[in-house]
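Q: Hi, I'm new to this one. Can you walk me through it?

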Amino acid sequence: MGYYNENVIDDIDPNIVRNPSFDEWFDIVESILRNDEFQRRKLFPHHHNMSVWDHSIFVSFRSFVMGGIFHCDTRVCAIAGLLHDFYPLAWLYNEELAALDNGNYMERLNRKEPLFKRHGFTHGREAAENYIKFFPELEDPKITDAIKKHMFPLTIGIPKYKESFVITLVDKSNSVHELPNPIVVPGMIKNSVVKIFNKQKFGK
Ligand SMILES: [Fe+2]
Ligand SMILES: [Fe+2]
């Protein structure tokens, strides 16, 4: 499969690579970026034509920089930012990802789940379990808390550490940046309404 790239820096946004803080951040996260399972996040769709790989790198780098400003543990910010969406199963379809591991990554797409078991509510906890599975040497209470609660206030617990607040804030601000241009939103709403209507009426 064509997702793995030894030259990790080639797959990082050049604006981040050119930033004066890049080398310091890269030293902390390089081993995660080189990990095969983590590189598969290039095939996990996030929102709006962005991959989980790109989104996670943005959240990690910005959290690292912001953490420095607020006197946080910047190593925790960099690692938790990178792994905050490291949940095991995709919630959106991707053909290349479906071709890996007998389509196991797509298992969730066929499930009918009650509202509180859906991706938005559960993926923080799933990512917190998954990072310990793949990176047991990184296990740390602050990293676990930041990953588990990054969807606050959708989570049951309140973030415990200032690093956790940095991750949840940067993730939310990033999601706003990743939103589509407001001009196209009415068309998107119309398409969604038509889709729901067709599903109700024709079952498709
Ligand atoms: Fe998330
Ligand atoms: Fe995220």
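Q: Which residues have the most contacts inside the largest nonpolar core?
A: Cys-77, Ile-79, Ala-80, Leu-83 and Ile-147 do, in a core of 38 residues. A nonpolar core is a set of buried Ala, Val, Leu, Ile, Met, Phe, Trp, Tyr and Cys residues joined through C-beta atoms within 7 Å. Buried means 20 or more other C-beta atoms within 10 Å of a residue's own; 12 or fewer is exposed, in between is partly exposed, and C-beta atoms are placed from the backbone.

Q: Which elements give two or more residues to that core?
A: They are α2 (22-33), α4 (52-69), α5 (74-83), α7, α8 (141-148) and α9 (162-177). The most comes from α4, with eight residues.

Q: Before we go on, what kind of model is this?
A: This is a predicted model: local features need pLDDT of at least 70, side-chain atom pairs count only at pLDDT 80 or more, and totals for chains, interfaces and linings use all residues. Residues are numbered from 1 along each chain as its sequence is written, while chains are lettered from A and ligands numbered from 1 in the order in which they are written.

Q: OK. How many helices and strands does the protein chain have?
A: Ten helices and zero strands. Both are DSSP runs numbered from the N terminus: helices are H or I with at least four residues, strands are E with at least two.

Q: How much of the chain is buried?
A: Buried residues are 32% of the 204 residues.

Q: Back to Ala-80. What is it in contact with?
A: Leaving aside neighbours within four places in sequence, Ala-80 contacts Ile-143, Ala-146, Ile-147, Glu-163 and Ile-167. Contact means C-beta atoms, placed from the backbone, within 7 Å.

Q: Where is Tyr-131 found?
A: In helix α7, residues 119-134.

Q: Buried or exposed?
A: Tyr-131 is buried, because 26 other C-beta atoms lie within 10 Å.

Q: And what does Tyr-131 touch?
A: Not counting residues up to four places away in sequence, Tyr-131 touches Leu-83, Phe-86, Leu-138 and Ile-147.

Q: New topic. At what angle do the axes of α2 and α5 cross?
A: Roughly 40 degrees, and the axes come within 10 Å. Axes are lines fitted to C-alpha atoms, for helices over the stretch in contact, with angles from 0 to 180 degrees between N-to-C directions.

Q: Which residues make that contact?
A: Trp-25, Ile-28, Val-29 and Ile-32 of α2 meet Arg-75, Ala-78, Ile-79, Leu-82 and Leu-83 of α5.

Technical notes: Two residues are in contact if their C-beta atoms, placed from the backbone, lie within 7 Å.
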